Amino acid sequence: MSRPPAAINPRNRFWYSACGLIVCLILVSWGGVVTSMEAGLAVPDWPSSFGSFDPIATGYSDPDNPNTRWWHVPPVLAEHGHRLLGALVGLWVVGLALWTWKTDQRRWMHFWGFGALGLVILQGVLGGLRVEWKSLELAVVHAMGAQLFFATAAALTLFTSRSWQIHVLDSATPFQRLRTLAVVTAVAVYVQILLGALLRHPGAGIDLTFILVHVTGSVIALSLILATCAHIRNYFSANILLRRGGWIMMACLIAQMILGMFALMVILYDASQVDRSLAQVIFSSAHLVVGTLLMGTSACVMLCSLRPTA
């Protein structure tokens, strides 16, 4: 006897997952602000904050102004706020993993749920070690781990949707080429984000070589995204998941091109300045957020393409 879809896909869990995914995106964007402000070491210790384990009060004190609180200081607000938001996402993932393990009869979903939990724990440890070791290399690893985690969280949301339950590829369509394009595109987007992370964590200023490599990588990723979306439009326009995924990828691509050009111009303009301008923080962070959306969508399109055919 086949299980009813509701037994596999309770709507409450889908909406819980989808809302949490929005919080994950806010967390990634907040991390981008931390990087753009160079505030990663504004709180010098971990897992405590200024020697305190109180997440709200912390141990922050300003000897020149005893009335100053941590949220009055932008770099400290950015870094400690990032930690608080990370803890919130961690609690969300714990709930999602347990909920999935308790109610979802698809055993492979249990691995996805606890895999997401393992990733968020690893992210917390990497972020803490980045502070303790004052390591720019770990900052890059932490940034790339965030992309993997967001893609995993997006996949969990996808797998609990009603559309996934009815999603299947028609064996009469050129699905093998779709799979190749989708996998290569997802990998290219991830590599491109890695190049962006190396550009955003230079330590000693912007390296023009990284800018050229990043721009070259963007052209390759752009070409692959266009090829994937065109293939979906030509052969899989009736498939709701692939069609939506293609449209989101195109929207993200256009936004990325615009934001990337503005971010590059601002970076070059601010190259001689010691502190990063507000414009650089805004455009670089927005560029990161859209890139994260593109990464999550690319991963979901790849997973949809790998679904068995009918």
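The expected span of a helix is 1.5 Å times one less than its number of residues. The model shown in these views is predicted.

**View 1. Span of helix 8 (residues 208-235).** Helix 8 comprises 28 residues. From its first C-alpha to its last, helix 8 reaches 41 Å, close to the 40 Å expected at 1.5 Å a residue.

**View 2. Buried residues of helix 8 and their cover.** The buried residues in helix 8 are I211, H214, G217, A221, L224, I225, T228, C229, H231 and I232. Their cover includes helix 7 (175-200), helix 9 (240-269) and helix 10 (278-305).

**View 3. The salt bridge between D104 and R13.** Three salt bridges are found in a search of the whole structure; in one of them the side chains of D104 and R13 meet at 2.9 Å, N to O. R13 belongs to helix 2 (residues 11-36) and D104 to the loop between helix 3 (74-103) and helix 4 (107-133), so the pair ties together parts that are 91 residues apart in sequence. Both D104 and R13 are buried.

**View 4. The network of R13, D104 and R106.** D104 also forms a salt bridge with R106, in which the closest N and O atoms are 2.9 Å apart. R106 is buried, as is D104. Through salt bridges that share partners, R13, D104 and R106 are joined into one network.

**View 5. The salt bridge between R83 and E79 in helix 3.** The side chains of R83 and E79 meet at 3.1 Å, N to O. These residues are four apart in helix 3 and are therefore separated by about one helical turn. R83 and E79 are both buried.

Methods
Residues are numbered from 1 along each chain as its sequence is written. This is a predicted model: local features need pLDDT of at least 70, side-chain atom pairs count only at pLDDT 80 or more; totals for chains, interfaces and linings use all residues. Side-chain values use heavy atoms; hydrogens and water are left out. Helices (H or I, at least four residues) and strands (E, at least two) are DSSP runs, numbered from the N terminus. Buried means under 20% relative accessible area, exposed over 50%, partly exposed in between (1.4 Å probe, protein chains only). Contact means heavy atoms within 4.5 Å. A salt bridge is a side-chain nitrogen of Lys or Arg within 4 Å of a carboxyl oxygen of Asp or Glu.
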